[in-house]
Each structure stands twice: as structure tokens, then as C-alpha cells.
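User: I have a chain on screen and want to go through its packing step by step. Can you take my questions one at a time?

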Amino acid sequence: MKNGFRSRVPWREKMEKPQEPKLVQIPPKMSQFGKGSMLIPTPKLVAKVVCGIGKGRLMTIGEIRRTLANDFSADVTCPLTTGMFLRIAAEAAEEDRANGRKRVTPYWRVVKENGGLNPKFPGGEPEQARHLRSEGFTIIKRGKSSFVKDFESHTSLKHIRATSDES
């Protein structure tokens, strides 16, 4: 499962790096998120949320960010670090698998906000699609990109959208 980017530091070591989450004020450059506090998570926190995604379920990156923000009473979670740490969790999972570990962080259950697959995951979209198909999901192609068919029915987005439509 080559993806073109190789790290000198093992991904598992990046996951285990001792660090604490931080609550900061939303920087002016990120004012599109509003005012208030922003959580800067850790790779372990992101991986913990992903490990909670059961078989047959999906979660969007936005849902991960909302979950973490809620858990830490923050207004938002930093999108940049969340994406970076999700990638670290995915790469560490594949290192673990290569080292014989059977249960790994199920990063392939995380999709984009539109149900799209993530080309930055190990093995790119084809490998994520393979994992998802093995769990019973239907993958469709639109142009050059792949998507999970009816992904909303496997996330909490259906509930979130229904609630916001009632407002």
C-alpha cells in the first residue's frame, strides 16, 4: 500500500508523541468559524473518535470535529490539525496491520462531507473503497472521484439535517 509519501519517523511514533489538547481563541485568519474557542486536538483523540465508529457506520470529518468540540466544550475543532491527525491515525493503523496487528483504527469509515473517499488515506481511494465494500457499502464513481452511495443513512448527518430543517 504505497501512497508516495514516506516519513522518516514511524507513524505509530507520531501517534504516541506525548502532547495535550489545547483550547485557544479562534484566530482572526479563521474567523469564518465565528468567535470563541477552538480545540487543537491530538492524534490520539482523533483516533479515539474513529475507533468508536462501528462496522456498518460512517462518520464525516465534520462530525469528528463536532464530536471533539462538544467533548471539550469548545465552539469548534481546528480543521487543519484534525485532518493531519486523521492521516497520522490512518498511516499508524496500516503500520500496525503490517506488523501483524488484527484490530486497527478503522480510518476507512471516515468520508468527506459529501460522502467522497479520501485520496490521502493509505492506498488512496481504491484501498478505502475495498475496505468499505468488504463491510457492505456500495461505492459509486462520479468523474474521477469515488463516493459511498447513500452515505447519509450510515452517519448521524440524517439526524443533524432533519433537526436543522425543523428550525
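The questions and answers below go from the overall fold to single contacts.

User: How many helices and strands does the chain have, and in what order do the elements run?

Analyst: This is a predicted model. The chain has six helices and seven strands. From the N terminus on, the order is α-β-β-α-β-α-β-α-β-α-β-β-α.

User: What share of the residues is buried, and what share of the contacts with a separation of 6 or more comes from residues 24 or more positions apart?

Analyst: The chain holds 167 residues, and buried ones make up 44% of them. Among contacts with a separation of 6 or more, residues 24 or more positions apart account for 61%.

User: Which residues of α2 are buried, and which elements do they pack against?

Analyst: Helix α2 covers residues 43-51. Its buried residues are Pro43, Leu45, Val46, Ala47, Val49 and Val50. These pack against α1 (11-16), β3 (59-60), α3, α4 and β5.

User: How are the axes of α2 and α4 arranged, parallel or perpendicular?

Analyst: Two packed helices are described by the angle between their axes and the distance between the axes. Here the axes of α2 and α4 come within 8 Å and cross at roughly 70°. An angle of 65 to 115 degrees counts as roughly perpendicular. Therefore α2 and α4 are roughly perpendicular.

User: Which residues make the contact of α2 with α4, and how many of them are nonpolar, polar and charged?

Analyst: From α2 come Pro43, Val46, Ala47 and Val50. From α4 come Thr82, Phe85, Leu86, Ile88 and Ala89. By class, the contact has eight nonpolar, one polar and no charged residues.

User: Is Thr105 buried or exposed, and what does Thr105 touch?

Analyst: Thr105 lies in the loop between α4 and β5. Its relative accessible area is 10%, so Thr105 is buried. Not counting residues up to four places away in sequence, Thr105 touches Ala47, Val50, Cys51, Ala89 and Ala93.

User: Which residues does Ala92 contact, and how far apart are the C-alpha atoms of Ala92 and Lys14?

Analyst: Ala92 is found in helix α4. At 0% relative accessibility, Ala92 is buried. Leaving aside neighbours within four places in sequence, Ala92 is in contact with Trp11, Arg12 and Met15. Lys14 is 78 residues away from Ala92 along the chain, and their C-alpha atoms are separated by 8.2 Å.

User: Which rings have a charge over them, and at what distances from the ring centre?

Analyst: The charged end of Lys14 sits over the ring of Trp11, 4.3 Å from the ring centre. Arg142 lies over the face of Phe147. For Arg142, the distance to the ring centre is 4.2 Å.

User: How many aromatic pairs are there, and why does the pair of Tyr107 and Trp108 count as edge-to-face?

Analyst: The count is two aromatic pairs. In one of them, the ring centres of Tyr107 and Trp108 are 5.3 Å apart. Planes over 60 degrees apart count as edge-to-face. The planes of Tyr107 and Trp108 stand at 80°, so this pair is edge-to-face.

User: Where do Tyr107 and Phe121 lie, and how is their pair classed?

Analyst: Tyr107 and Phe121 form an aromatic pair with 5.1 Å centre to centre and 75° between the planes. Tyr107 is in the loop between α4 (79-98) and β5 (110-111), while Phe121 is in the loop between β5 and α5 (124-134). The two residues are 14 residues apart, and the pair links distant parts of the chain. The class is edge-to-face.

User: Are the residues of this ring cluster buried or exposed?

Analyst: Ring pairs link Tyr107, Trp108 and Phe121 into a cluster. Tyr107 has 1% relative accessibility, and Trp108 has a relative accessible area of 8%. Trp108 is buried, and both Tyr107 and Phe121 are buried.

User: Which residues does His131 contact, and how far is its C-alpha atom from that of Trp108?

Analyst: His131 is in helix α5 and is buried at 7% relative accessibility. Leaving aside neighbours within four places in sequence, His131 is in contact with Glu94, Arg97, Tyr107 and Trp108. Trp108 is 23 residues away from His131 along the chain, with the C-alpha atoms separated by 6.6 Å.

How values were computed. Residues numbered from 1 in each chain as written. Predicted model: local features only at pLDDT ≥ 70, side-chain atom pairs only at ≥ 80, totals over all residues. Heavy atoms only, no water. Phe/Tyr/Trp six-rings, centres within 6.5 Å; stacked < 30°, edge-to-face > 60°. Buried < 20%, exposed > 50% of the residue type's maximum accessible area, 1.4 Å probe, protein only. Helix = DSSP H or I, 4+ residues; strand = E, 2+ residues; numbered from the N terminus. Lys NZ or Arg CZ within 6 Å of the ring centre and 35° of its normal. Axes fitted to C-alpha atoms, helices over the stretch in contact; angles between N-to-C directions. Parallel < 35°, antiparallel > 145°, perpendicular 65-115°, else oblique. Contact = heavy atoms within 4.5 Å. Nonpolar A, V, L, I, M, F, W, Y, C, P; charged D, E, K, R; others polar.
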